[in-house]
Amino acid sequence: DFLEFSISPIKQENIIIEVLKLLNKENVVSHVDLPFKYNRKRNNVGKDFNFPMSLNDYLLKLIEEPNEDTVVEIVKRLLALGALEKKDNKAYLTEIGRGMKRLDCNKVEMSRALLSSYDYNCTYEMCNIAAFLELSKGRYESFFGEFKPDRRTSRNEQEKERKKDFRLRSKWASSDGDLITFLKAYDEYEDRHYDKIDKKTKEVYEEKKGNSAGWCKNNNIKCPFMKRIRKTSEDYRRKLRGIVNYKKRLLEQNNKLNNKNKQLTLVYEEKPELNANKFKNVLSALLDGFYVNMLRKDTRKKYMSCFPKDKLLGDIDKTSLYSVIKVPAKYLFYVEFYSFINTSFRIVTPISPTEIKRIKDDKIKEEYVHTCLSDATFEKLVKEKSQKKSQSSSKSGKKHGKKKFYKKKKYYK
């Protein structure tokens, strides 16, 4: 059966970025009434616009308002990321929320991770990751050259070429996950393509190795894609510098930046403990944003999401290089998920036991992903999910069986 009319995009698309932008217009939307729900009795007159108003009232003024359940999940996610804070029965925008809007990433989780990267001293690496996610549009295979078999050759030769292409890609696979794999590949590309220049003196202290085009060809990596990373990354660094300078000015005006030895932070009250390995710091900053996309492995080696109300159950996508790892981690976080017939998680990164302990110690984070942290709760969820799936498949099987019997009966007549 076809629908009488098409569904409005506002009802089916993820509008979390638009909601964050609305909340940053404080002369239009001042707060969110909690728990979020539409009060239609109070908004029966469509012409009354008393600004500023709550997000609940503002969305009802639209020609077609978003689904209530969708906005409930969006508000919950923004609270989990620290973009909103609760005060009594209302939620107000925080400085973190303002910073996330100014960075304007295509994912709010990435914006939150960028803010934490300043405190973890890994802004350069994090801006490169943000640029990669923007240019790749959540598709990890986009920086690899597309495999095109030569149709003039035999099938055996085509299969050999396909296996060779797979080996070239899988050699980059790392137990640290897809995002760290990208950073390692990009570091190697930078060493070959760009001179290393001192920021203060602007003198070259290490010359480039050269032959970046040949390196890309040998590793089947798209050279034009890697070139675009630097420009996009610089745009994010410029935005982040603007946020840092703005906070410095605010603190100087309030005379709170008197202690010169105290380091400026964007998210934490004090500078967090840094690891000697820069990639560990990158993962800590990433997890501040992407912990809401946390996954846990069940007994069938599938992964279940922790944060959303409707849990996702799926596999690691074949395009992810982490799928090559023989023993994947118990906990992961994903950047993108794809759902058609089956659900698969793209661009995944493992979460170490030390980071899981850090999440458990943080009361706010633990509150939102506790279903995965507790073994008993998680096992109960997995059983419920599998029972629902078996019930739905048995129902569809019965219907399918009836159709077959009817067709046979009709055929024999």
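**Rings, strands and a helix**

Colleague: How far does helix H4 (residues 68-81) reach from its first C-alpha to its last?
Modeller: H4 has 14 residues, and a helix here is a DSSP run of H or I with at least four residues, while a strand is a run of E with at least two, both numbered from the N terminus. The expected span is 1.5 Å times one less than the number of residues. For H4 that expectation is 20 Å, and the helix comes close to it, reaching 20 Å.

Colleague: What kind of model are we looking at?
Modeller: Residues are numbered from 1 along each chain as its sequence is written, and side-chain values use heavy atoms, with hydrogens and water left out. Local features need pLDDT of at least 70 and side-chain atom pairs count only at pLDDT 80 or more, whereas totals for chains, interfaces and linings use all residues; the model is predicted.

Colleague: Which residue with a positive phi follows H4?
Modeller: Within H4, the buried residues (under 20% relative accessible area; exposed is over 50%, partly exposed in between, with a 1.4 Å probe and protein chains only) include Val 71, Ile 74 and Leu 78. After H4 comes a residue with phi near 85°, and that is Gly 82.

Colleague: How many residues apart in sequence are the parts that Phe 132 and Phe 225 tie together?
Modeller: Rings of Phe, Tyr and Trp (its six-membered ring) pair if their centres lie within 6.5 Å; planes under 30 degrees apart are stacked, over 60 edge-to-face and the rest tilted. Phe 132 and Phe 225 form an edge-to-face pair, 6.2 Å centre to centre with 90° between the planes. Phe 132 lies in helix H7 (residues 123-136) and Phe 225 in helix H11 (residues 223-253), so the parts tied together are apart in sequence by 93 residues.

Colleague: Are Phe 132 and Phe 225 buried or exposed?
Modeller: Both belong to a cluster linked by ring pairs, with Trp 172 and Trp 215 among its members. As for Phe 132 and Phe 225, both are buried.

Colleague: The charged end of which residue sits over the ring of Phe 279?
Modeller: A charge sits over a ring if NZ of Lys or CZ of Arg is within 6 Å of the ring centre and within 35 degrees of the ring normal. For Phe 279 the charged end is 5.6 Å from the ring centre, and it belongs to Lys 184.

Colleague: Which residue in S8 is the bridge partner of Lys 297?
Modeller: Two strands pair if DSSP finds at least two bridges between them. S7 and strand S8 (residues 303-305) have three, in the antiparallel sense. In S8, the partner of Lys 297 is Tyr 303.
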